[in-house]
4 protein chains.
Amino acid sequence: MLTIADHQFQSRLFTGTGKFSNSKLMLDSIAASESQLTTLAMKRIDAKNGTDDLMQPLLDSGVKLLPNTSGARNAKEAIFAAELSRELFKTNWVKLEIHPDHRYLMPDPIETLQAAKELIGQGFVVLPYVHADPVLCCRLQEIGIHAVMPLGSPIGSNQGLVSEEFLKIIIEQAHVPVVVDAGIGAPSQAARALELGADAVLVNTAIASSSDPITMAKCFKYAVNAGRLAYEAGLGGISTRAHNTSPLTGFLHDSQLSPV
Amino acid sequence: MLTIADHQFQSRLFTGTGKFSNSKLMLDSIAASESQLTTLAMKRIDAKNGTDDLMQPLLDSGVKLLPNTSGARNAKEAIFAAELSRELFKTNWVKLEIHPDHRYLMPDPIETLQAAKELIGQGFVVLPYVHADPVLCCRLQEIGIHAVMPLGSPIGSNQGLVSEEFLKIIIEQAHVPVVVDAGIGAPSQAARALELGADAVLVNTAIASSSDPITMAKCFKYAVNAGRLAYEAGLGGISTRAHNTSPLTGFLHDSQLSPV
Amino acid sequence: MLTIADHQFQSRLFTGTGKFSNSKLMLDSIAASESQLTTLAMKRIDAKNGTDDLMQPLLDSGVKLLPNTSGARNAKEAIFAAELSRELFKTNWVKLEIHPDHRYLMPDPIETLQAAKELIGQGFVVLPYVHADPVLCCRLQEIGIHAVMPLGSPIGSNQGLVSEEFLKIIIEQAHVPVVVDAGIGAPSQAARALELGADAVLVNTAIASSSDPITMAKCFKYAVNAGRLAYEAGLGGISTRAHNTSPLTGFLHDSQLSPV
Amino acid sequence: MLTIADHQFQSRLFTGTGKFSNSKLMLDSIAASESQLTTLAMKRIDAKNGTDDLMQPLLDSGVKLLPNTSGARNAKEAIFAAELSRELFKTNWVKLEIHPDHRYLMPDPIETLQAAKELIGQGFVVLPYVHADPVLCCRLQEIGIHAVMPLGSPIGSNQGLVSEEFLKIIIEQAHVPVVVDAGIGAPSQAARALELGADAVLVNTAIASSSDPITMAKCFKYAVNAGRLAYEAGLGGISTRAHNTSPLTGFLHDSQLSPV
């Protein structure tokens with residue numbers, strides 16, 4: 001079972017709330033995924049309609065909320081967003097996300113470390129979204145973050161694990177859970193992340209932008225289970241030559257044959 | 001549901017019987033995989049022990065047997081092996097496998113086409129193991145084979161889908177089921193094959209040589225389900241840039257905030 | 001030096017004559033490439049202009065002509081095309097190219113072997129264009145072809161060496177020169193083919209469709225030289241961890257320092 | 001021509017001085033590469049032999065020296081090393097290299113930014129070695145570094161451009177020269193980096209640890225030229241299907257044929 005801070009998760013599939021065509025579909029997809037943690041951002045309240053038709057059903061569903069600071073361009077904005085979200089969502093968990101560049105949404109290592117320090121000092125449970133940078137992950141661990149969230153590829157790109165070689169190093173060196181975030185576009189890629197030893201994945205776009213989000217949510221659930229179990233059972237090594245799976249010699253010249 | 005010849009399969013995971021450390025583990029693993037078709041070769045009968053402790057339990061389990069001609073170096077040997085296996089296993093299904101080279105076990109396109117013609121004439125249901133060669137697959141279809149089994153990578157190498165670009169062409173052009181065979185070493189790779197539109201995969205080494213074959217069999221079951229469902233639901237396109245999943249602008253400067 | 005049949009080549013870059021915007025550019029590009037063999041197809045003579053403004057300059061340039069059978073859909077058509085080209089170009093060399101499918105132009109293994117047999121019987125020097133199929137390459141060698149031309153990826157796709165793992169096997173097993181043909185879209189890919197041990201590459205589209213074919217021809221010349229020399233000198237092995245290139249320990253605590 | 005700070009380079013191949021079996025081979029290899037910049041570290045002076053048999057020949061060769069801070073685990077050590085090297089080598093250029101982890105030698109983004117600020121303040125020309133982190137590269141540019149040196153893969157691993165997708169982003173966004181450093185193990189990989197638009201590459205291990213360093217140095221020279229020229233001439237796009245390079249239709253049914 002996966003433990004982050006003092007919280008236990010049966011599911012290693014984390015989800016997001018963005019990009020769904022409507023709230024019901026989002027709630028049904030998250031339910032189908034059996035995810036127990038979902039990330040969400042803040043937006044302006046509709047002036048004409050102050051009611052909140054999203055958060056309450058999410059809370060009722062029992063899934064843990066992980067507010068994120070998406071949109072923050074530096075530590076100051078991220079800290080402000082975290083403080084607001086703590087009040088609004090009544091949780092001290094935060095996905096720390098700082099990306100000054102809007103084209104690729106790559107995270108800022110310097111501002112992220114600085115904001116993480118401040119937020120940990122304020123008692124937050126901090127899960128920072130970072131590039132697949134092994135040294136940065138180590139430094140964030142040293143200051144007390146509760147999980148690292150390195151990217152597979154740029155957010156929403158569906159490119160999969162282009163950072164795979166660096167994820168392997170991060171997983172080898174990590175003392176906190178490693179949650180691969182961003183860029184996972186297919187169940188096979190989620191399975192691969194878990195096979196490598198990642199503790200969880202966060203998937204949003206690939207589910208939300210599917211033509212059938214509920215089915216796709218189930219796909220990721222199965223794939224994450226498959227990847228984790230395979231990691232635990234142990235995958236075989238890779239070989240450059242063939243190894244026969246069936247007996248190859250002699251049988252054609254024997255008079256007596258039996259199945260193998 | 002997958003149909004080959006007149007037979008329907010609920011499961012898109014085909015298995016093999018080779019390389020397991022003992023028969024019980026093989027049977028339990030196949031059961032755990034929920035596979036409904038398994039391939040097997042022939043070997044010499046133990047002179048001291050003519051009883052057959054493998055085939056009967058396999059038959060009792062209800063899984064369909066797919067005898068293979070592994071070990072055959074040319075069409076003549078393969079035809080002979082197929083004829084023997086038909087008698088022995090009481091089935092006219094055959095996985096046609098001709099590999100003159102023992103180092104990489106790559107299949108022979110010429111002998112395979114020739115043997116397929118002969119066996120189809122004899123009333124066999126023929127599933128030929130081939131390189132990921134789109135033209136060869138078309139020609140085999142034209143003479144009436146019932147499924148093609150292109151390789152992902154050399155048998156038992158666990159290298160995965162190194163032939164992916166060619167598998168895509170085969171899948172696009174095929175009029176019979178495409179079963180990706182050989183080289184699949186991890187559940188994520190099986191999922192990927194199904195996501196591409198393959199109709200099934202055959203997995204043997206990756207299950208049999210795992211330190212926990214029963215668990216690994218389940219992993220492949222989940223992964224194949226995930227890949228197939230994802231193919232049906234439709235995967236999103238790949239982008240070279242990022243696409244934000246959370247709203248990015250303005251919220252930090254608004255006094256009223258709500259969850260998104 | 002590369003020897004095919006009784007002919008020696010200083011250059012390991014083979015070229016083609018298709019897709020250039022005009023004949024002069026084609027001739028200048030081939031000259032810039034320093035290629036000593038170029039392939040060409042046949043087309044209808046312009047009824048109004050029977051003169052041949054292409055072949056004579058090519059012949060004058062000293063480059064060896066390799067007529068191809070592009071457009072042939074089966075052995076019969078290819079043999080007919082080869083016979084015509086022998087008369088027309090006064091050479092018994094032929095690049096045997098049979099692709100029944102116009103979408104991907106993948107070669108037909110069965111017809112290619114059959115045509116190769118016939119043409120060798122007729123005294124041709126045969127270089128067959130084939131999928132990266134190790135067994136087919138062996139069989140073609142056995143009947144006396146003079147070089148094999150396995151593809152990197154579909155013709156004109158610029159995808160590079162997607163067949164790399166199979167090319168390695170072909171190169172390991174070949175007793176005749178291996179010329180990687182089709183799909184090479186960048187000098188780095190040509191270099192890679194030579195680094196793997198291929199004896200030569202054939203490049204056409206990547207040069208002809210460049211906005212600056214003459215410069216691109218030079219690029220491929222340099223890249224092929226680089227790849228071949230590197231193969232001869234021997235590349236280092238690949239490691240999953242780092243190996244420092246500079247001395248790492250102690251120097252900061254020494255009072256006396258010198259350059260390393 | 002490549003310009004860094006106020007210095008112009010005809011060659012886009014930078015080299016290193018580590019790992020060569022002897023000084024003469026190192027000097028001859030650098031000469032063969034035609035590299036005009038080479039990086040070097042410091043080590044203890046041999047107590048019995050204070051003479052310096054390396055630096056003088058290097059200086060005499062006319063190649064520009066780029067002292068590096070290899071071995072530094074934090075900003076403080078790197079600054080100290082830079083100050084020492086400025087005195088020792090009579091140059092204010094420095095390759096800033098801070099890697100706290102000895103297993104993978106991955107660079108520290110936080111300490112690197114901090115040291116870069118300090119060294120720029122002291123008048124150094126700073127070329128920092130960094131992970132392929134687009135945001136970090138932007139921030140380093142903002143404080144005035146003169147080139148960025150993102151890695152292809154871990155130092156000395158010969159894995160090539162595993163960071164390729166991130167290098168593309170860095171190259172797109174960079175306002176200073178991008179020098180791909182670390183992990184380049186074959187000429188084809190160096191060519192690829194230049195084709196992507198990198199301004200230069202730094203290669204050390206792949207040359208020094210070759211069984212024939214002088215020849216390998218030449219290979220890299222050719223490959224870098226090929227890659228740069230190809231970038232300037234413009235590579236063609238990649239296609240998922242084939243595009244015939246030779247005319248395909250009709251010729252077999254025409255009575256009059258001419259070469260194409």
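In this predicted model, D:Val63 sits in the loop that connects helix 2 (55-60) to strand 6 (64-67) of chain D. D:Val63 has a relative accessible area of 7%, and because buried means under 20%, D:Val63 counts as buried.

**Around D:Val63**

- Apart from neighbours within four places in sequence, D:Val63 touches D:Ile30, D:Ser35, D:Gln36, D:Leu37, D:Thr38 and D:Leu58.

**An open sheet in chain D**

- In chain D, 3 strands make up an open sheet with the order 7-8-9 and parallel pairing.
- Strand 7 (93-96) and strand 9 (149-150) of chain D are at the edges with a single partner strand each, so one side of each has no neighbour in the sheet.
- Strand 8 (residues 125-130) of chain D is joined to strand 9 of chain D by 2 bridges, and the two run parallel.
- D:Tyr129 is placed opposite D:Met149, a residue of strand 9 of chain D.
- Helix 4 (residues 109-121) of chain D lies across strands 7 and 8 of chain D, at about 175 degrees to strand 8.

**A helix pair in chain C**

- Helix 3 (residues 75-89) and helix 4 (residues 109-121) of chain C pack with their axes 9 Å apart and at an angle of about 35 degrees.
- Their crossing is right-handed.
- Helix 3 of chain C contributes C:Ala75, C:Ile79 and C:Ala82 to the contact, while helix 4 of chain C contributes C:Glu111, C:Gln114, C:Ala115, C:Glu118 and C:Leu119.
- By type, the residues of this contact are 5 nonpolar, 1 polar and 2 charged.

**Chain A and its helix 4**

- Chain A contains 9 helices and 12 strands.
- Of the 260 residues in chain A, 64% are buried.
- Among contacts in chain A between residues at least 6 apart in sequence, 65% link residues at least 24 apart.
- Helix 4 (residues 109-121) of chain A has 13 residues and spans 18 Å from first C-alpha to last, close to the 18 Å expected at 1.5 Å a residue.
- The buried residues of helix 4 of chain A include A:Ile110, A:Leu113, A:Ala116 and A:Leu119.
- Within chain A, the buried residues of helix 4 pack against helix 3 (75-89), strand 7 (93-96), strand 8 (125-130) and helix 5 (134-142).
- The buried residues of helix 4 of chain A also pack against helix 4 and helix 5 (134-142) of chain D.

Key
Residues are numbered from 1 along each chain as its sequence is written. Chains are lettered from A and ligands numbered from 1 in the order in which they are written. This is a predicted model: local features need pLDDT of at least 70, side-chain atom pairs count only at pLDDT 80 or more; totals for chains, interfaces and linings use all residues. Side-chain values use heavy atoms; hydrogens and water are left out. Two strands pair if DSSP finds at least two bridges between them. Helices (H or I, at least four residues) and strands (E, at least two) are DSSP runs, numbered from the N terminus. Contact means heavy atoms within 4.5 Å. Axes are lines fitted to C-alpha atoms, for helices over the stretch in contact, and angles run from 0 to 180 degrees between N-to-C directions. A crossing is left-handed if the near helix is turned anticlockwise from the far one by less than a right angle, and right-handed if clockwise. Ala, Val, Leu, Ile, Met, Phe, Trp, Tyr, Cys and Pro count as nonpolar, Asp, Glu, Lys and Arg as charged, and the others, Gly among them, as polar. The expected span of a helix is 1.5 Å times one less than its number of residues. Buried means under 20% relative accessible area, exposed over 50%, partly exposed in between (1.4 Å probe, protein chains only).
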